[in-house]
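Please look at the sequence and the structure shown below, and then read the briefing that follows them. The points are grouped by topic.

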Amino acid sequence: MSHKPRKRFGQNFLTDEQVVSRIIHSIHPQPHQHLIEIGPGQGVLTDFLADSCRQLDLVEIDRDLVALLSRKYLRSPHVAIHQLDALKLDLSMLLSASDASPPEAERLRLIGNLPYNISTPLMFHLLEQSDDIADMHFMLQKEVADRICAQPGSKKYARLSVITQYLCQVSQLFDVAPESFNPQPKVWSSFVRLTPYQQPPVVVESFSLLNTVVTQAFSQRRKTLRNTLSTLLTEDQIRAVDIDPGRRAETLSLQEFADLTTQVSKVRVE
Ligand code: SAM
């Protein structure tokens with residue numbers, strides 16, 4: 001292939017066949033499923049996906065790659081190619097009539113070796129549409145994957161961990177070395193699975209308020225809750241949900257963030 005990788009589109013093409021086969025094995029696509037691949041590039045994963053699903057939509061921003069993929073899948077009517085910025089992707093446009101009609105009724109499965117520069121905003125953009133998503137399998141920068149999957153008490157535990165873990169069940173499946181790509185990125189990657197919850201694991205009155213509490217709590221990592229949450233709750237109001245105001249955000253479980261959020265809604269009503 002003569003395509004010259006473009007830095008501005010985060011093009012690090014996967015060249016390691018063993019990694020490709022681990023990815024496909026982890027996704028385990030089934031013949032009745034509707035898959036969406038984001039950033040298919042030259043199609044290293046696409047061939048395997050196309051062989052084992054009912055419908056495959058490819059979302060690629062680079063016109064040259066879209067032309068290449070269009071030629072490649074000319075005779076595959078179940079493969080549709082969209083030249084589009086994935087940050088503008090509206091999943092409802094890709095849902096076909098058969099997705100809604102039993103027995104094929106099935107939510108979408110998203111897959112992508114994502115360009116690192118847009119992976120976090122893209123995940124949040126997609127999570128806003130999580131009602132339509134069965135699961136997502138993404139190759140991410142390892143540092144981002146570590147943060148997404150981090151547990152309380154870890155230095156990597158951050159706003160991204162709490163918010164993603166509220167919305168999805170997360171698994172870091174395996175790490176991938178820079179040598180598995182061309183050109184080689186400067187950092188390691190990780191392949192992760194995100195499965196949006198039908199019912200969130202903890203109850204909060206509003207996601208947006210949880211987001212506010214978590215953002216504020218992590219705004220200054222080294223400061224305690226009595227400082228970071230001072231515009232939302234007094235020390236006594238924090239203590240009332242059995243949380244020591246001298247603790248830091250990085251020690252709080254998702255349940256404790258939910259308890260603080262409920263306390264903020266209560267205080268606002270009183
Ligand atoms: N899937 C291929 C592979 O594994 O070799 C390519 C992966 S490469 C890391 C990222 C791909 O995403 C490239 O094909 C790039 O052109 C595409 N891309 C970059 N930004 C994009 C965007 N905003 N929307 C859709 N595709 C994008």
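The largest pocket is lined by 31 residues, and those nearest its centre are Phe-9, Gly-39, Glu-60, Asn-113 and Pro-115. On a 1 Å grid over the protein atoms alone, a pocket is an open set of points where a 1.4 Å probe fits, with protein on both sides within 12 Å along at least five of seven lines, and lining residues have an atom within 4 Å of a point. This is a predicted model, in which local features need pLDDT of at least 70 and side-chain atom pairs count only at pLDDT 80 or more, while totals for chains, interfaces and linings use all residues. Residues are numbered from 1 along each chain as its sequence is written, and side-chain values use heavy atoms, with hydrogens and water left out.

**The pocket**

- About 490 Å³ of space lies in the largest pocket, a volume being the space filled by probe spheres set on grid points that are joined across faces, edges and corners.
- The lining of this pocket has 18 nonpolar, nine polar and four charged residues, where Ala, Val, Leu, Ile, Met, Phe, Trp, Tyr, Cys and Pro count as nonpolar, Asp, Glu, Lys and Arg as charged, and the others, Gly among them, as polar.
- β1, β2 (34-38) and β3 each supply at least two residues of the lining; strands are DSSP runs (E, at least two residues) and helices are runs of H or I with at least four residues, numbered from the N terminus.

**The ligand**

- The space of the largest pocket is the space taken by the ligand.
- The ligand is surrounded by 22 residues, of which Gln-11, Gly-39, Glu-60, Ala-86 and Asn-113 are the closest, and a residue is near a molecule if one of its heavy atoms lies within 4 Å of it.
- Among the polar contacts (pairs of N or O atoms within 3.5 Å), a nitrogen atom of the ligand is 2.8 Å from a polar backbone atom of Gly-39, and an oxygen atom of the ligand is 2.5 Å from an N or O atom in the side chain of Glu-60.
- Taken alone the ligand exposes 590 Å², and the protein buries 97% of that, with areas from the Shrake-Rupley method and a 1.4 Å probe.

**Backbone features**

- Most residues other than glycine have a negative phi, and most peptide bonds are trans.
- His-28, which is not a glycine, has a positive phi of about 50 degrees, and His-28 lies in the loop between α1 (17-27) and β2.
- Asn-182 and Pro-183 are joined by a cis peptide bond with an omega of about -10 degrees.

Definitions and conventions. A polar contact is a pair of N or O atoms within 3.5 Å; within protein, one must be able to donate a hydrogen and the other to accept it, and residues adjacent in sequence count only if both atoms are side-chain atoms. A molecule sits in a cavity or pocket if more than half of its atoms lie within 2 Å of its grid points.
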